[in-house]
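Please open the model in your viewer and get your selection tool ready. We will go stop by stop, with a look at what is there each time.

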Amino acid sequence: IVRSQHDTVPKGTAIGTEPESGASMDPGAEVVLNISEGPSAVMIPESLPGKTEAAARDILRQSGLAGAPSTTTANSATVPAGIVITTSPAPGQMVGVGTSVELIVSTGKVALPELRGRTREEAEAALKELSLVPAVIEVENAQVEAGRVTDQSDPVNATVEQGRTVTIVVAKAPPPPPPSPEPTATPTPKPTSTKDDD
């Protein structure tokens, strides 16, 4: 028996004989039976993203691959916690049988960006891109240009749950000072000239 890799014949199945079937041989002559060891390379299944970590490890095992001993977690705005985002090497790549594949699993959280100094529109767009909900408080501020973010409810790089509401404080122009009352012109009495008739 000779075992060798074969990309199409499943592991443990006969590939063929040497000499080939149909050849005439003497009784007791040796025949080589070629048995498949299975493919030398397999594709990382493209179905892994979106699966739970346990399901992904099962799929890898069935494909002749192994899940890496430790799992890598990553923040994601859209993939729920505990679900596979991707793999390394990436799904669809051809790798050797038995290769250890790293699973990258979602934390279900996102890291908060720096919002201070951005315009209200920019800050709201940045939050929505991360599947966060912006809540805006406008506060009068004479030092900062109106419409600019001056504060945020969670610090930069804080990891927050997907869909969380994040409050931003936006500067608004203070009201103009009340007009100072104009002095009303009071008529000044004219001195009456007294004539001396001397």
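Start by selecting N157, which is exposed, with a relative accessible area of 57%; exposed means over 50%, buried under 20% and partly exposed in between, using a 1.4 Å probe and protein chains only. N157 sits in the loop between β12 and β13 (159-161). Its phi is near 70°, a positive value in a residue other than glycine. Most residues other than glycine have a negative phi, and most peptide bonds are trans.

A word on the model: it is predicted, local features need pLDDT of at least 70, side-chain atom pairs count only at pLDDT 80 or more, and totals for chains, interfaces and linings use all residues. Residues are numbered from 1 along each chain as its sequence is written, and side-chain values use heavy atoms, leaving out hydrogens and water.

Next, select S131, in the loop between α2 and β11. Here too phi is positive, near 60°, in a residue other than glycine. S131 is partly exposed, with a relative accessible area of 29%.

Now step back to helix α2, residues 120-129. Helices here are DSSP runs of H or I with at least four residues, strands are runs of E with at least two, and both are numbered from the N terminus. Which residues of α2 are buried? Colour A123, E124, A126 and L127 to see them. Viewed down the axis of α2, these buried residues fall within an arc of 160°, so they line one face of the helix; the arc is that of the directions from the helix axis to the C-beta atoms. On the other side of α2, E121, K128 and E129 are exposed. To see what covers the buried residues, show β11 (133-140), β12 (149-152) and β14 (165-172), which are among the covering elements.

Two cis peptide bonds come next. Zoom in on E18 to P19, where the bond is cis with omega near -5°; P19 is in the loop between β2 (14-18) and β3 (32-36). Then go to S88 and P89, joined by a cis bond with omega near -5°. P89 lies in the loop between β7 (84-88) and β8 (94-96).

Finally, zoom out to the whole protein, with its two helices and 14 strands. The C-alpha atoms fill a box of roughly 175 × 25 × 15 Å, taken along the principal axes. Buried residues make up 25% of the 198 residues.

Definitions and conventions: Contact = heavy atoms within 4.5 Å.
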